[in-house]
Amino acid sequence: MKGAEGAKYKSFDSREEAEKALGEDPSKYIVREAKKNAKSTEPVRSPFEARPILPSLSVDGACSGNPGQMEYQGVDTATKRQIFHFGPAPGGTNNIAEFLAIVHVLALLQKQAKERPKDAEQLLHLTIYSDSKTALAWVKKRKCGTKLAETEENKPLFDMIQRAENWLAVNTYANPLLKWDTDHWGEIPADFGRK
């Protein structure tokens, strides 16, 4: 932006919060963010990037019914080339699919880094996008927060959830997990296109 060298940007969860902040001292919000992010091991990023970071991977889940036939996939953000796909599996939800997709890609990148040591640094820091705030929060907490009841039909999915939680409990990762900005960039490249 011309004439705004060193400008800082801040997003808000609602219009009301943004309007309230507009009438207050901006440094109040910048300092608060800096303190909050100082505790985090994740890199500090602007909540809104002009364009998606490339190279990166994008994941998405889909579910026909709730619960219903669930699947998920991961793709290269730039080319939309499919990297992995799981499903369909019965008795799942979209949030479970999104959670499993994120853990799947984290585990896959760590496996590839061990197999390809010369690419390890890039693989272990590759940005991953998801359009699910819920799934991103569950991964951060290292726990799937679903309220779905386990049944005979969806028991295999609950076994997968347990394996994903176990993986998160014993592994660390440096890959930035970022929320896809659907409002500015359109549907996430991994979207199944069934809306």
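T127 and Y129 point one way from strand β4 (residues 127-130), I128 and S130 point the other way, and all are buried. Buried means under 20% relative accessible area, exposed means over 50%, and partly exposed lies in between (1.4 Å probe, protein chains only). Strands (E, at least two residues) and helices (H or I, at least four) are DSSP runs, numbered from the N terminus. This is a predicted model, in which local features need pLDDT of at least 70 and side-chain atom pairs count only at pLDDT 80 or more, while totals for chains, interfaces and linings use all residues. Residues are numbered from 1 along each chain as its sequence is written, and side-chain values use heavy atoms, with hydrogens and water left out.

- Two strands pair if DSSP finds at least two bridges between them.
- Strand β1 (residues 56-65) pairs with β4 in the parallel sense, over four bridges.
- Within β4, S130 stands opposite V59.
- Strand β5 (residues 177-179) also runs parallel to β4, and three bridges join the two.
- The bridge partner of Y129 in β5 is L178.

**Salt bridges**

- Side chains of opposite charge can pair when their charged atoms come close.
- A salt bridge is counted here when a side-chain nitrogen of Lys or Arg is within 4 Å of a carboxyl oxygen of Asp or Glu.
- By this rule there are five salt bridges.
- One of them joins the side chains of E165 and K143, at 3.5 Å from N to O. This pair links distant parts of the chain, 22 residues apart: E165 is in helix α6 (residues 155-170), and K143 is in the loop between α5 (133-141) and α6.
- E165 is buried, because its relative accessible area is 9%.
- D159 forms a salt bridge with K155, and their closest N and O atoms are 3.3 Å apart. Both residues lie in helix α6, four residues apart, which is about one turn of the helix.
- D159 has a relative accessible area of 32%, so D159 is partly exposed. K155 also counts as partly exposed, because its relative accessibility is 35%.
- The side chains of D119 and R116 meet in a salt bridge of 3.2 Å, N to O. R116 is partly exposed, because its relative accessible area is 36%.
- A network of salt bridges links R116, K118 and D119.

**Backbone geometry**

- Most residues other than glycine have a negative phi, and most peptide bonds are trans.
- The peptide bond from N66 to P67 is cis, with omega near 0 degrees. P67 is in the loop between β1 and β2 (68-76).
- G87 and P88 are joined by a cis peptide bond, with omega about 5 degrees. P88 is in strand β3 (residues 82-92).
- K80 is not a glycine, yet has a positive phi of about 65 degrees. K80 is in the loop between β2 and β3, and counts as exposed because its relative accessibility is 57%.
- R142, which is not a glycine, has a positive phi of about 65 degrees. R142 is in the loop between α5 and α6, and counts as partly exposed because its relative accessibility is 33%.
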